[in-house]
Amino acid sequence: MGTSIVKAFGTESPTVDLKQMNIQRRDVTATDIEIEILYCGVCHSDLHTARNDWGGTVYPAVPGHEIVGKITKVGSAVTKLKVGDFAAVGCLVDSCQECESCKQDLEQYCINGFVGTYNGKDKHSGMQTFGGYSEKVVVDEHFVLKVPSNLDLAATAPLLCAGITTWSPLRHWKVGKGSKVAVVGLGGLGHMAIKLAKGLGAEVTLFSRTQSKEKDALELGADAVIISTDQRHMDSVKGKFDLIIDTVPYVHDVNPYVATLNISGTLVLVGYLGGLEPILNTVPMILGRKSVAGSLIGGIAETQEMLDFCGEHNIVSEIEVIKIQDINTAYERMLKSDVRYRFVIDMASLKNA
Ligand code: NAP
Ligand code: ZN
């Protein structure tokens with residue numbers, strides 16, 4: 001299969017900075033779309049992958065799974081979009097499309113394993129997949145999303161991961177008017193969770209570690225902010241929430257949040273991957289029929305549903321646009337929770353480098 005060389009930004013090991021490099025992209029097949037990448041959001045998962053926090057990163061690694069761009073080429077059988085259209089790609093670029101999960105539009109839970117936009121294995125070429133910190137990407141049309149025409153393109157990019165990752169649990173747990181939702185952590189995912197839950201009609205509370213983000217949270221639409229390090233403040237919302245979306249990236253104590261769930265309420269972890277410490281106390285769960293659950297991004301149909309909802313409600317991410325050359329500083333700032341609230345790379349900075 002033919003390939004072409006594309007400029008990208010990636011890393012050779014967990015301990016060195018990201019730098020400019022060349023990668024190979026497959027040529028378009030009959031069902032593929034080639035997209036010139038205009039903007040790419042910076043997700044905390046990009047950092048986890050670059051630094052091998054989860055193990056399993058294959059180097060060189062090129063992160064980026066919040067991709068928005070313009071279509072430059074389509075295969076002969078493509079019907080979904082055409083050359084010149086704006087389009088988006090999220091965290092998935094392939095799946096078996098045959099298993100029970102795929103048949104139910106749950107490609108993210110593909111029983112045979114989905115192909116990630118980066119650090120996956122391209123089924124067509126057998127090569128490693130490289131993400132959106134690059135000039136262009138080639139993706140099967142099924143995994144390409146349509147972008148609502150009224151939304152700012154750069155601010156739309158984070159919807160492709162931060163948006164869908166919080167939208168999917170909101171929809172699965174049927175959040176609507178009258179629901180009481182809480183969000184743990186005001187970062188990329190957290191700020192989208194507030195906007196989307198609000199858009200669905202819920203009453204929304206933010207749990208944050210300090211008061212420094214309170215004003216922003218209220219401006220983003222939160223009805224209240226609870227400082228998670230203040231026990232009296234935590235006690236004031238005991239037994240309150242139907243759904244809590246926990247976006248914290250690192251191991252942390254979830255027991256104080258379980259105490260704030262209503263009877264039959266659910267705390268869904270979307271941030272941290274791994275064993276919980278301190279251990280999860282089942283007593284309040286059993287006594288209150290409470291659940292602690294997890295959720296992974298969202299399927300393609302659900303991602304399109306979220307994008308269309310955002311188009312109708314004028315919802316986009318709060319962004320700070322950066323050049324690709326500033327990505328290493330952006331990672332350091334992300335580690336300090338100093339992001340308001342998503343970095344988005346203007347990919348013209350790579351093209352012109
Ligand atoms: P982010 O922008 O860095 O936001 C994370 C927020 O969590 C911070 O702003 C901070 O909020 C809080 N936080 C950070 N460190 C903490 C700590 N040690 N203890 C308590 N709170 C802490 O990250 P993101 O891009 O939103 O991603 C969040 C996590 O979700 C990452 O681990 C990422 O890999 C994961 N993720 C999962 C999925 C999925 O499908 N499940 C998809 C995308 C991303 P405050 O300052 O307000 O406390
Ligand atoms: Zn992500």
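Modeller: Contact means heavy atoms within 4.5 Å of each other, and I300 touches K80, L92, D105, E107, H142, F143 and L145, not counting residues up to four places away in sequence. This is a predicted model, in which local features need pLDDT of at least 70 and side-chain atom pairs count only at pLDDT 80 or more, while totals for chains, interfaces and linings use all residues; side-chain values use heavy atoms, with hydrogens and water left out. Residues are numbered from 1 along each chain as its sequence is written, and chains are lettered from A and ligands numbered from 1 in the order in which they are written.

Colleague: Where is I300 placed, and is I300 buried or exposed?

Modeller: Helices (H or I, at least four residues) and strands (E, at least two) are DSSP runs, numbered from the N terminus, and I300 has its place in helix 10. Buried means under 20% relative accessible area, exposed over 50%, and partly exposed in between (1.4 Å probe, protein chains only); I300, with a relative accessible area of 7%, is therefore buried.

Colleague: How far apart in space are I300 and F343, C-alpha to C-alpha?

Modeller: I300 and F343 are 23 Å apart in space, C-alpha to C-alpha, and 43 residues apart in sequence. For R289 and I300, the separation is 11 residues in sequence and 32 Å in space, again C-alpha to C-alpha. R289 itself lies in the loop between helix 9 (283-288) and strand 15 (291-294), and because its relative accessibility is 64%, R289 counts as exposed.

Colleague: With which side chain does the side chain of R289 make a polar contact?

Modeller: A polar contact is a pair of N or O atoms within 3.5 Å; within protein, one must be able to donate a hydrogen and the other to accept it, and residues adjacent in sequence count only if both atoms are side-chain atoms. The side chain of R289 makes such a contact, at 3.0 Å, with the side chain of S264, and R289 touches both S264 and G265 when residues up to four places away in sequence are not counted.

You can read S317 in the same way: its place is in the loop between helix 10 and strand 16 (319-322), and S317 is buried because its relative accessible area is 4%. Its side chain makes a polar contact of 3.1 Å with the side chain of H191, and the residues that S317 touches, beyond those up to four places away in sequence, include A155, P158, M192, K195 and R342.

Colleague: At what angle do helix 4 and helix 10 pack?

Modeller: Two packed helices are described by the angle between their axes and the distance between the axes. Helix 4 (residues 162-172) and helix 10 (residues 300-313) pack at an angle of about 100°, with their axes 10 Å apart (axes are lines fitted to C-alpha atoms, for helices over the stretch in contact, and angles run from 0 to 180 degrees between N-to-C directions). That makes helix 4 roughly perpendicular to helix 10 (under 35 degrees is roughly parallel, over 145 roughly antiparallel, 65 to 115 roughly perpendicular and the rest oblique). In helix 4, the residues G163, I164, W167, S168 and R171 meet E302, T303, E305, M306 and F309 in helix 10.

Colleague: How many residues of helix 4 are buried?

Modeller: Helix 4 is mostly covered, with 9 of its 11 residues buried, among them A162, W167 and L170. What covers these buried residues includes strand 10 (180-184), helix 5 (188-199), strand 14 (261-269), helix 10 and strand 17 (342-346). Just after helix 4, K174 takes a positive phi of about 55°.

Colleague: How many aromatic pairs does a search of the whole structure find?

Modeller: A pair of aromatic rings is described by the distance of the centres and the angle of the planes. Rings of Phe, Tyr and Trp (its six-membered ring) pair if their centres lie within 6.5 Å; planes under 30 degrees apart count as stacked, over 60 as edge-to-face and the rest as tilted. The search of the whole structure finds 3 aromatic pairs. One of them is the edge-to-face pair of F207 and F241, with 5.7 Å centre to centre and 80° between the planes; F207 is in strand 11 (residues 203-208) and F241 in strand 13 (residues 241-246), 34 residues apart. F207 also forms an edge-to-face pair with Y257, at 5.0 Å centre to centre and 65° between the planes. Because F207 lies in strand 11 and Y257 in helix 8 (residues 255-258), this pair ties together parts that are 50 residues apart in sequence. F207 counts as buried at 1% relative accessibility, and Y257 is buried with a relative accessible area of 8%.
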